[in-house]
Amino acid sequence: MSGKMTLAEDNGPERGGDDLLAAEYVIGVLPVEERQIASRRIDTETDFARLVDGWEVHLSPLASAYAEVEPPVSVKAAVDRRLFASIASTPAEAREGLWSSLAFWRGLAVAAVAALALYIAVPYVNRPAEQPQARLVASLAADGSDVKYLAVYDSERHEVSLSHVSGTLAAGKDFELWMIEGKNAPVSMGVIPAGATAHIGVSPATQQKLAQGAVLAVSLEPAGGSPTGQPTGPVVAAGDLKGI
């Protein structure tokens, strides 16, 4: 039996090192327990904290195309309640130590970031329930491969934004992005432009399928992309699109 993995098979849980973990922490796609672990590591591991800081800077351009939106007054009230409820329930003697605690201030910074994320998300939160989410994210990785991408699908701008986390491209080759819907044949979304970030337009036929949460995958192809319309090289990264 061949050891080569197909696109349809390579859509399991993503795996990666601390660099990918830091990126997923910043973009906000980690499960609660993993996020808590990462948050504690920020407090205790200088190298990991630097990775997180680096990804905050690296990913910030992805939001530069979106105009600021004034959130409702109720948003600040809700943030205040969540931010200070735990402080109010803390015993007085323990509360005094909070103001000199590095962990407390890091936690407060994380809460502030969460508030900022809520601020950005307000236009989408207020949409009717039947509307698809405006943005979906995926971390693309595969066992045995050092190629990793973070992908953000924006249904309003009809494009997938890709941030290259790691992995080098061999001479005479290109990475190609594919969409997989169930057991259907992969659909090419185009060759991924070289660089730290890239943007790929999404055709009308593909937009609805992506909005429902398809799988994105990256294959290694000859320069210019697959000559057959289907993947010809190995899958080097894959992952499910999920709501933010």
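Reply: Happy to! One term to begin with: contact here means heavy atoms within 4.5 Å. Also keep in mind that this is a predicted model.

Me: Good to know. What covers the buried residues of α7, then?

Reply: The cover over the buried residues of α7 includes the strands β1 (135–140), β2 (148–154) and β3 (159–166). It also includes β4 (173–180), β5 (187–191) and β7 (215–222).

Me: And which residues of α7 are buried?

Reply: In helix α7, residues 204–211, they are Thr 206, Gln 207 and Leu 210. Looking down the axis of α7, the buried residues fall within an arc of 115°, so they line one face of the helix.

Me: What's exposed on the other side of α7?

Reply: There you'll find Pro 204, Ala 205 and Gln 208, which are exposed.

Me: What follows α7?

Reply: Gly 213 follows α7, and its phi is positive, near 95°.

Me: Speaking of positive phi, which residue has one although it is not a glycine?

Reply: That would be His 158, with a phi of about 55°. His 158 sits in the loop between β2 and β3. Its relative accessibility is 35%, so His 158 counts as partly exposed.

Me: Switching to the sheet: what is the order of the strands in the open sheet of five?

Reply: The order is β6-β3-β2-β1-β9, and the pairing is antiparallel. The edge strands, β6 (197–201) and β9 (242–243), each pair on one side only.

Me: How many bridges join β1 to β2?

Reply: Six, with β1 and β2 running antiparallel. As an example, Ser 139 has Leu 150 in β2 as its bridge partner.

Me: Where does α1 lie?

Reply: Helix α1, residues 18–27, lies across β1, β2 and β3, and runs at about 20° to β2. Helix α3 packs on the sheet too, touching β2 and β3, and its direction makes about 150° with that of β3.

Me: Tell me about α3. How far apart are its end C-alpha atoms?

Reply: They are 20 Å apart. At 1.5 Å a residue, the 14 residues of α3 (46–59) should span 20 Å, which agrees.

Me: Which residues of α3 are buried?

Reply: Phe 48, Ala 49, Val 52, Trp 55 and Leu 59. Seen down the axis of α3, these buried residues fall within an arc of 120°, so they line one face of the helix.

Me: And the face of α3 turned away from its buried side, what does that carry?

Reply: That face carries the exposed residues Thr 46, Asp 47, Arg 50 and Val 57.

Methods:
Residues numbered from 1 in each chain as written. Predicted model: local features only at pLDDT ≥ 70, side-chain atom pairs only at ≥ 80, totals over all residues. Heavy atoms only, no water. Buried < 20%, exposed > 50% of the residue type's maximum accessible area, 1.4 Å probe, protein only. Helix = DSSP H or I, 4+ residues; strand = E, 2+ residues; numbered from the N terminus. Arc of directions from axis to C-beta. Expected span 1.5 Å × (residues − 1). Pairing = 2+ DSSP bridges. Axes fitted to C-alpha atoms, helices over the stretch in contact; angles between N-to-C directions.
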